[in-house]
Amino acid sequence: MNKLLVFDLDGTLIDSRRDLCTGINLMRRHYGLPALPEATVTQFIGDGIRQLVRRSLRDAPELDLDEAVQINSACYRAHLHDATTLYPGVAEGLARLARAGGTLALISNKPRVSCRDLLRHFALDAFFASVMGGDSVANLKPHPEALQCTMQALRFAPADTWMIGDSANDLACARQAGAQNVFVTYGIGRAEPEIPGLAFDDFPSLADYFLAHRG
């Protein structure tokens, strides 16, 4: 399979909403603020930890954002995979794609150390030739920098590269890098205003598609 398949993490491979919410609410407790509902925190996910924290403290704009980010980071790291789960079929699907010769990579706006720890926790780390987090390059998705660096490092052309994710950020990242894109409908984010090249309702269907189109 002469393809580079680049996956997002949160909302694509893992459902991390509960642990991200725990981290945010522990940070808010530190400041004496009431907890936010999980549905509210979920709406804030996708643009990196700084934006997640900023949005979660809209009711306390006087707080120092840098300090709050550090506190949230520590709180979240302490509960990184307490309630986080793989989406159905992810482990099996990644294994099938790797066995078929696909080159797999990961790009997330989450810090790289957390990405690595989560992949190890779920025994997925061996599948990935490259892992880039939000602190691996200067610009977060939807900026194409991380995807461009990944393609260059693994020696794949944009035409042979697919960015797979659950949000408009992932689709825009692919578009700006000249790569193909795939949207998964089961995740946290939304595709709009981007237009997916392909869309799948579950991970096994995604794996089946690429295994049937190996050329």
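Modeller: Here we go, and please ask away.

Biologist: Why does Ala123 count as exposed?

Modeller: Exposed means over 50% relative accessible area, buried means under 20%, and partly exposed is in between (1.4 Å probe, protein chains only). Ala123 has a relative accessibility of 56%, so it counts as exposed. This is a predicted model, with residues numbered from 1 along each chain as its sequence is written, and local features need pLDDT of at least 70. Side-chain atom pairs count only at pLDDT 80 or more, whereas totals for chains, interfaces and linings use all residues; side-chain values use heavy atoms, leaving out hydrogens and water.

Biologist: What makes the phi of Ala123 worth a remark?

Modeller: Most residues other than glycine have a negative phi. Ala123 is not a glycine, yet its phi is positive, about 55 degrees. Its place is the loop between α6 and β5. Helices here are DSSP runs of H or I with at least four residues, and strands are runs of E with at least two, numbered from the N terminus.

Biologist: Which phi does Arg155 have, and where does Arg155 lie?

Modeller: Arg155 has a positive phi near 65 degrees, and it too is a residue other than glycine. Arg155 is in the loop between α7 and β6. With 77% relative accessibility, Arg155 counts as exposed.

Biologist: How do you know that the bond between Lys141 and Pro142 is cis or trans?

Modeller: Omega tells us: it is about 20 degrees, and the bond is cis. Pro142 sits in the loop between β5 and α7. A cis bond also leads from Glu192 to Pro193, with omega near 10 degrees. Pro193 belongs to the loop between β7 and β8. For context, most peptide bonds are trans.

Biologist: How many aromatic pairs does the structure hold?

Modeller: Six. One of them joins Phe7 and Phe128, with 6.4 Å centre to centre and 90 degrees between the planes.

Biologist: Why is the pair of Phe7 and Phe128 called edge-to-face?

Modeller: Rings of Phe, Tyr and Trp (its six-membered ring) pair if their centres lie within 6.5 Å; planes under 30 degrees apart count as stacked, over 60 as edge-to-face and the rest as tilted. At 6.4 Å the Phe7 and Phe128 rings pair, and 90 degrees makes the pair edge-to-face. Phe7 is in strand β1 and Phe128 in strand β5, so the pair ties together parts 121 residues apart in sequence. Phe7 is buried at 0% relative accessible area, and Phe128 counts as buried at 8%.

Modeller: Trp162 and Phe210 also form an edge-to-face pair, at 5.2 Å centre to centre and 80 degrees between the planes. Since Trp162 lies in strand β6 and Phe210 in helix α9, this pair ties together parts 48 residues apart in sequence. Trp162 counts as buried at 13%, and Phe210 is buried at 0%. Trp162, Phe200, Tyr209 and Phe210 form one aromatic cluster.

Biologist: How do you know that Asp166 has no salt bridge?

Modeller: A salt bridge needs a side-chain nitrogen of Lys or Arg within 4 Å of a carboxyl oxygen of Asp or Glu. Lys and Arg count as positive, Asp and Glu as negative, and His and the chain ends are not counted. For Asp166 the nearest side chain of opposite charge is Lys141, 6.7 Å away, although Asp166 is buried. Asp166 lies in the loop between β6 and α8. Not counting residues up to four places away in sequence, its contacts (heavy atoms within 4.5 Å) include Asp8, Asp10, Phe183 and Arg190.

Biologist: What makes a space a pocket or a cavity?

Modeller: On a 1 Å grid over the protein atoms alone, a cavity is a set of points where a 1.4 Å probe fits but cannot get out, while a pocket is an open set with protein on both sides within 12 Å along at least five of seven lines. Lining residues have an atom within 4 Å of a point. Grid points are joined across faces, edges and corners, and the volume is the space filled by probe spheres set on them. The largest pocket holds about 600 Å³. Its lining has 33 residues, with Asp10, Ile45, Gly46, Asp47 and Gly48 nearest the centre. Helix α4 gives the largest share of that lining, four residues. There is one cavity of 30 Å³ or more, and the largest cavity holds about 40 Å³. Among the residues lining this cavity are Ile107, Met132, Asn139 and Lys141.
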